[in-house]
Structure formats: structure tokens, C-alpha cells
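Keep the structure open as you read.

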Amino acid sequence: MQKQLRPEDVTPITPTATMAATTHGGRAKCLQRLVRLDLPVPPTVALPFAAVKHIAQGQLPDLDEIMGHFGPAPLLSVRPSSQDPDWGGPGAILNIGMCDAKHAAMTESHGPTHATRLYRRFVESYALHVARLDPELFDFEDHDDHEALALSLQAYEDEMDEPFPQEPGRQLAEVLRSMARAWEGTSARLLRQAKGAPADAGLGLVVQAMALGIGAGDCGSGVIQFIDAVTGQRRITGRYLGQSQGREALGDEDAIYLTRDDRGPSLEDTRPDLFEALIAAGALVRTRLREEMQIEFVVENGALWLLDGVRVQRSSRAHVRVAVDLARDGVIPREEALLRVQPSALSELLHRQVDPAAARDLIVTGIAASPGAATGRIVFTAGEAQASAARGEDCVLIRRETTPDDIRGMHAANAVLTMRGGMTSHAAVIGRGLGIPCVVGASDLRIDRRKKQIVTPDGRKFAEGEMITVDGTRGEVLADTPPMLEPALDDAFQTLLGWADEIRDIGVRANADTPADARTARTFMAEGIGLCRTEHMFFDRDRLEVMQEMIFANTPEDRRAVLDRLLPMQRDDFRALFEIMEGHPVCIRLFDPPLHEFLPSDKSGMRDLAEGLDLPLADVQSRIEALEEYNPMLGMRGVRLGVTVPEIYEMQARAIFEAAALVTKAGGAVVPEVMIPLVSAMREVELVRSRIDAVAVAVHNETGAVFEYRLGVMVETPRACLRADDISEHAAFLSFGTNDLTQMTYGLSRDDAGRFMRQYVNLKVFPEDPFHELDIEGVGELVGIGANRARRVSPDITLSICGEHGGTRTAIEFSRQFGFNYVSCSPFRVPAARLSAAQLVLIEKQ
């Protein structure tokens, strides 16, 4: 015998009933709030999460107790009530209780047409959604309602080997059981998890007396909302349809508008009293529920009933606008407005996005490395991307993985797609810096170079020149050109971030390598540049040729002679950065990558280089081979180059100081920060510092300019963390480069991790991709050790995180806990970082 639920598991929705969104779901709680506002809501009963879970396990509620709340022979509806409306749930079932006897009674009271229409609808809904029968069995559109009802009842009996159930209690029991089990199913669980719900999220159910929008009198149903779901601007939208139920008005061409409209009749014209009542209800709900709601309503014999109120599903742009408008109108405080907006929503506003309503023809899924969406023709090389841009054609650059040689092509492309790589791979970092959409780690895609095409996991082929779309926000690549939503940096966006800046207690800088990056950083109100990677300035063709000539120079004097030609270019770069940042700090990392990255790897490139340098091809090949390393990321790079080939750092230091002198003489304010990369030992800092100090003195003597500068260290090796006390004696700041520090702590290449990282996370080897979210337990402990030891020796030393983790909430929270001065991230992640930092302060105060 099935165990019945306790009476307290059935809660009539009254003003004083004990219920919450966390136990009964958001829909149930919202209906209670409508009842408390004395709005016309039909009698309703709520079943909490626990009760619905028991129903799924076969423990039915006391049906007599439920039915007793609705009087004799009621018609009922059942709707889902999840904690968050965005998590969805099973579809509503209407007209429960329709049977032969009820049909006969309603034929007398409402007329045969309306009674038959209701009965037919319920039979079909029950058959499809409760009995799970084939919809084609009930396709009787060519028949009138009376014939269709008879055919539907017969089809049900033929398939189920029993007549359609006539007992309202049994109907209700089967509906409750079906909806409870649907919520517990694997597909439903995965779908709601994709929307952010926890795996064990509960479902409540709401049983409500039907207010009939079908009848002999003035009847109908409709839906109204008071904002534009895309922009968030105040605007009444919706439809009303006479002689209808549920949400039919939204899909019926005979539905009328709500407000006056030149295109056709409106509720405001035909029933101004109902329209005014809806407007008043909407204003009351907005103020008292402190949210923009969508209201489902029914008119029954001229009387208005509110069946449901749910938060309007909205775009990220609308989320920001609604939060700001509610705060401006005094409905919610500013602090709550800040907490209501997800930082990721701000990132979406900075870029074009695929329209949420658009159809998506998915080609492949990868890692969402840089947000935004862009469409273009497929190209496979950086040169083709540049040629495409020169013709004025949009393109998508597809590579197995990108290298520094591809940077010019990435600048030219609308988006980038790679087969390999993770969140901190070359393509991901550069993509975020450029602000272009990027999907990496799409390992299921295959490039057929010979035929110049890509082959998808399902065997489809897309050739060079065909149009595709890269959605870097969702990590998806789509066929063709779906509709887009444009960026939206409106007044609401700026206002929200202004409020965030008043609250946050940690600085936010930007990683910016070029004047264009710096201008973007200032647009997003970054408080300086926390990482300028100077090597990215060397990949323009005129500079690359000089750089290659320097690599082939045989003596320090020859190297200096060549570098003297790069000096004015670097000086102009730094002067532009200083002027754009208008006195905000600019932290310039000295040259970091191994020299082989500036040399060609193919025979054709080597021949071109030999011709340009007027050297035998054999000599060029020999020099390139001599520079090859088994593990270049752990080889001759960073400070090791600065120590062994000091001419490079000397040239860069002179360019920095001469630029500072020029800006200072022009009346500008600048305090450049010079950062030494990949340090492991105090002596490395001593050697480089002595040379840089000497250059500073020389520039001062030559120009007469008085300028200040700060020298610091980029902490990227575990040893630098452990020896931070020694290193900090010679540094004004330590900036933790968590990208390389993560690689070295894990012994894991960020460019290769994408091959297996998803599986590792699924198997819970790692809780999250450590290149995406800062590993607090491992990498974080090393950073904490370094920070504590540095502060013990130098209490006033400036500390920061400047890796790609810097813009994440986890890293910002960690940085605040250890008293860091600022975080630095890609320019397009600055707004989200500003908001996250403010939210963490507010959460702490709760």
C-alpha cells in the first residue's frame, strides 16, 4: 500500500502560510505575495520540494485533502515551482477534472462548444504529457471539436487498453506523479544544471482552481510584462485573446495588443477598465515584490484573475538596466542592485552576442576562451587572414594552435578557433587582449590541410571561404550567420560600475600591450596597466626583421647597434602608453619569450630570412638549430636572457626612461614600473637592477629630466614564492604571474592541458581547470607564502596578481584575503572584475 504524505505537506496559499522559495519554489512564494497584496488570485495549494520528491518515489499525497480546498467538482491546473524560475520545469497541465460528467454539466452551464473544447484539450494534454503517448495519434485538426473529442477518447482507450480516467482524484494523482518523475529524470537534471541549478535542486508543485477564459460571457486570457526583455527599458508588451486559456494569446494571430497600436485593436481600447487594473497591479507588484514580473491573467465573465507571476526572463543587458532602474526608483538599494547582476553579464555587454532567440546549427564545442560572437569566412593561415582583411572581408582564423607568428593574423581576423589549448593558451590570452571571440580546445574538429577544409564530429565538411560563427561566450562554433545583438555600453552599465567603484577595496588594472589596448583599458576605467608584455610589440614586420637581425649578431656591440634601431620604436610605444594612461601607473614587463619564437620554423621562412640577412641558408639553419630547446618555456627566457644578453633589457630600459622624460617635460605625470620576468633568485634581480639603475642615471644626465620609477619582479616560479623575502629586498613590488606559476606548480603545459582537462574535471581529479580558476589549495598556497614572506621583510611592498586569473572572482577574493593592492586582467575583463570586487565587499558585510 502506498504511503500517503502528511497533511502539512499540502499548504494552502494564504497570507500567513509558512512557505519560502527555498522550500516551495519561486512560483508558490510569488503567488503568496500576490495574495498578500489583495490581488485576485484563484484558490491555490502548494506542495513543497520534499513532498514532490516523495511523490516521485511513489508516496502520493492525501488527494481528498487537496481536493477539499476547491469545493465540489472543481477544474484544476498544476504548475511547476522551482526555486529559480530560470531553471524551468515540466509544462503546466490545465483543466484537470474534466470528464464525461463534468462535460455534461458544463454543456448546460457554458454551452456545448466551450465544454467540448475544454474536454478535448484536457484529453490531449493528459495523453501527451502524462500518459506519454505519440502526438500523431491525436492529430485531428481536420475534425470539429465534437468529432475530435470522440476520436481522442477512443485513441486513448486503444493505446492504454482502458478508458480515459473519469475520477478527478485519479487524474490529479497521475498528473502529480508524472511531473514529479519528469523533474527527477536525467535529461531534466542535465538541462537545469546547464542553467546553473545544483544537481539536487528541488521542485514544488502548485495546484490552482481554474479561472476559465472560455465561456458564454466576456472571457479570455493574456500575458503582460512591463519591460523589454532584450533592452530592459520600460515598455508594456504582451497579448490578449478572447475565449482562450493559458498562454495561447502569445502564439495566436487573432490575439489583440494590450496598449493602443496602429496595427490593430487593443485591450486598452476595448476594455480600458481591465487595462487600468493590469497596469495598477503591475506597478504594485514591481514595488512590493521589487522585481520586473510577467503576469499571466484570465478574464472570466468580465472579472480579472491573476494566475501567475514570474520574473521576466531577460538578456544580460536587461539585467543591468532593471537592477539600475529599480535602485534609481528607490525600490531596492544600490547594494542590492550590485548583487543582482552577474559579472559575466557585464562581459557579454562588451561584445556582440548571438541573439538568444536565433536557431543554432552547432558545428563543434570547445572552451569559451574569449567572449563575444563574430561571423566570417574560414581561413587557415595568418597571411590569409591579413589578405581577407585587406579585401574588407570578415574572416575566422582556424589553427591547430596559435604561435606568436600568428599575431598579425589574429589582429586581422574577426574571431579565432583552435583545436588545442586551454584558458591561458596563446590564442586565449591574445584573443581576450584583442577583445575578439575565441574558442580553443575544439579537439573534436579536424583540419584537412590538403583539401583546405574542416571536418566536424558528425562528418560535415566546411571549406575555406565558407561562413561560420564563433560564439566565444558559450564555447560553440555555429554554421552560417545567425542574428546578432550589438554591444550595449549604455548609461545603466556606467552607473552600475560607478556604484561598484564606490564600494570595492582593491584596485583593478588591465593587461595592455599596445596603445589600442591602453585606450580600451581607460574606456573601462582600469586604474592603470598591471602588465605590458613588451614582446608583443616586436611582431610587426618592420620590427620583426630588426629583431631577427639582432638575434644573428655575433657580438654585444653588434647587438647594441641593431637594438639602437628598435629603441625609437619602443620609446614611441611607451610614450603613447604613458600619455593614454594620464598619470595612472604603467607596469612594463621586460622581454620574456625565448628568442626562437622570432625565427621561422619552415624552409620557406628560413630562405626568406637568409635572403634578408644576406647570409647562407646553412648559416641560418645552423643558428636556428642552436637556439632550439627541449623545453623552451623553461629555458633561455625572461630574466635569463636579461642576464646573459643584457643589451635587450638595457635598450628597453632606455626606451622606458626616455619616454618618461619626454612626458614629464611636457607636463605629464608618469611613474613607470619596470618588471623583471621569470625570476628565481635574488642575485638575478641584483644583476638586472644594477644595469637598469645605471641606464636611468644616464638618461637623467642626458636629458636633465627628473623622473621616478619603480622596479619589481614578476613571481612566476615556485622558488620565487619561497624566496620572496630575499627578492623583496630589491623590489618595490611583486606581481604574481599565475599563468606560468600554475604551469610550474602542476608540471602541466597550458597549451596541452585542453586534451584531457575536461575529463580530469569530470572525474573530479581537479575541481576546476586550474588555468581557468585559481587553484587556491596549491598555487594559492605558494602565492600566500610569497606574499607573507615579502611583507615580513617589506611591509609596504605592493602585491598583485597579473595572470589571466586576475579577473576571476576566485582570484579577487583570494587577493583581498591576503591584502593585495590590485589585480590585473585583460581590458575586456576589467568591468566584471570591478563588479566582482564590490560584490565580495557586500557579501562580507551581510
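Which residues touch the most other members of the largest nonpolar core? They are Phe-574, Phe-578, Phe-591, Phe-657, Leu-734 and Phe-736, in a core of 86 residues. A nonpolar core here is a set of buried Ala, Val, Leu, Ile, Met, Phe, Trp, Tyr and Cys residues joined through side-chain atoms within 4.5 Å. Buried means under 20% relative accessible area, exposed over 50%, and partly exposed in between, with a 1.4 Å probe and protein chains only. Helix α25 supplies the largest share of this core, eleven residues. A second, separate core holds 53 residues, among them Leu-47, Ile-66, Tyr-119 and Leu-172.

This is a predicted model: local features need pLDDT of at least 70, side-chain atom pairs count only at pLDDT 80 or more, and totals for chains, interfaces and linings use all residues. Residues are numbered from 1 along each chain as its sequence is written, and side-chain values use heavy atoms, without hydrogens and water.

Now the whole chain. The protein chain has 33 helices and 31 strands. These are DSSP runs numbered from the N terminus: helices are H or I with at least four residues, strands are E with at least two. The C-alpha trace spans about 105 × 60 × 60 Å along its principal axes. Of the 846 residues, 56% are buried. Among contacts (heavy atoms within 4.5 Å) with a separation of 6 or more, 68% join residues 24 or more positions apart.

Go back to Phe-657. It lies in helix α25, residues 646-665. Its relative accessible area is 0%, so Phe-657 counts as buried. Leaving out residues up to four places away in sequence, Phe-657 touches Val-674, Ile-692, Val-695, Ala-696, Val-699, Phe-707 and Tyr-709. Val-697 is 40 residues away from Phe-657 in sequence, yet 9.5 Å away in space, C-alpha to C-alpha.

Leu-734 is another of the core residues named above. With the four-place exclusion, its partners include Val-713, Val-715, Ala-790 and Leu-799.

Is helix α33 largely enclosed or open? Of its 16 residues, 13 are buried, so the rest of the structure largely encloses α33. Helix α33 covers residues 830-845. At 1.5 Å a residue it should span 22 Å, and its end C-alpha atoms are 23 Å apart, which agrees. The expected span is 1.5 Å times one less than the number of residues.

Finally, Val-765. This residue sits in the loop between α30 (757-762) and α31 (779-793). Its relative accessible area is 43%, so Val-765 is partly exposed.
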